Structures are given as structure tokens and as C-alpha cells.
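Student: Hi! Could you walk me through this structure?
Tutor: Happy to. Take a look, and ask away.

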Amino acid sequence: MNNPQPSALTSFIEASKPRDVSDPTLHQHALAAQVLYNLQFQHDWTSLQIHTQSPTDHQPLPKPLVSGLPPRRVYVHPDEQIEMLKHNIQEKDIPVEREWVLPTHLREKWSLRKFADVFDGITEVPLAGKMGDQEKPEDGTRPDQARSRRGGKRLLLATVGDDSTIVYYVVHDGIVKPRQN
């Protein structure tokens, strides 16, 4: 009897497996690949990549992170929102920003300390492109130059359920004033 063909997602995860990763962290890479696949094929993100090292000190990140460009802005800072209203600027006219995504499983237990460890290892804006082991920003700045955006560091927490459903939450490093409604 013939074995069924693996699904497109299974094939994608299998092809995304890094060869230099130990077995205990292999499931984390598979989770990151699953989130990347969902962002690319369900949410139309582009320029996606998986990061395993901190762009600040090149140490291993607590978990693999995904970064990419969403089709539209994920978050608009309240101060930007006020400026947009004053100048009659539409949200579609604002350029998208590269975003960090933290893949997690629903059964994982997260503490403030774990989130702080992740935020300590990232920059405000993810760097894109590869140049050897160094990250190369798309805007021509050097990798060690910090870029900033209003509201400080943030990421999307991608929580994968047992049925493969993925939900996304915006998480900030610290307190951010609420949006205007």
C-alpha cells in the first residue's frame, strides 16, 4: 500500500529544517517554519526569514523568530494616528514596517522574564537580508546602527493551537499609551 503524499505544509517544514540544529530545538524551528508558511500563504507577507541569532550581539535567541513585511501596517502608534487624522492621511498611504514574529505553541507557559529575554535580543526594527552571518538592513544602515520607531520594541506573538490554528497578538516591550478611537 502506498503512503500518502505529505501536505504542502509538511513538505515546507521538512525543507526548512536547518542541518546544524540539535534535536531538542528542532520542534522550535518547525514551529517557526509553520508560522512563516502561514504568514506567507494565508496573510500575504513578503521578505520572510527565520532568525536564530540576536542582531544586537549575535548570541542565540531564546527561540527562533520570524521577520517579514506585512501587506499593510500591523500597528499604528497613537501619536501617528493623531497626525494622520489631522492631515487626512489614509492608513493605506503609510509604508509598511518590517515586523518581528514570535512563534509559540498554545501549551507553552510564558512569563514576563521570558518575554524580556526575547525583547533583550532584538532591535526595534528587524534587519533584512543576509550578508554572510551579518544581517544587512534594506535601508543601507550598518547592522550595529539602531533604528527606532514610535512606541519602542514590539512583536507579534504567534500562538499555534493543537489544530494548527494560529492567532496573532501585538506585544510591546513596556507600556504604550492606548489608541484613540
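Student: Which residue in β7 stands opposite Arg154?
Tutor: That is His172. Bear in mind that this is a predicted model, where local features need pLDDT of at least 70, side-chain atom pairs count only at pLDDT 80 or more, and totals for chains, interfaces and linings use all residues. Residues are numbered from 1 along each chain as its sequence is written, and side-chain values use heavy atoms, with hydrogens and water left out.

Student: How many bridges link β6 and β7, and in which sense do they pair?
Tutor: Seven bridges, in the antiparallel sense, between β6 and strand β7 (residues 166-172). Strands are DSSP runs of E with at least two residues, helices are runs of H or I with at least four, and both are numbered from the N terminus. Two strands pair if DSSP finds at least two bridges between them. As another example, Leu157 has Tyr169 in β7 as its bridge partner.

Student: What sits between those two strands?
Tutor: Five residues, as β6 and β7 form a hairpin. In its turn, Ser164 has a positive phi of about 75°.

Student: And β6 itself, how many of its residues are buried?
Tutor: Seven of the seven in β6 (residues 154-160). Buried means under 20% relative accessible area, using a 1.4 Å probe and protein chains only. Arg154, Leu156, Ala158 and Val160 are on one side, with Leu155, Leu157 and Thr159 on the other.

Student: Which strand does β3 run parallel to?
Tutor: β6: five bridges join it to β3 (residues 99-105).

Student: Switching to helices: which residues of α3 are buried?
Tutor: Pro78, Gln81 and Met84, in helix α3 (residues 78-86). They are on the same side of α3 because they cover an arc of only 115° around the axis, the arc being that of the directions from the helix axis to the C-beta atoms.

Definitions and conventions. Buried < 20%, exposed > 50% of the residue type's maximum accessible area, 1.4 Å probe, protein only.
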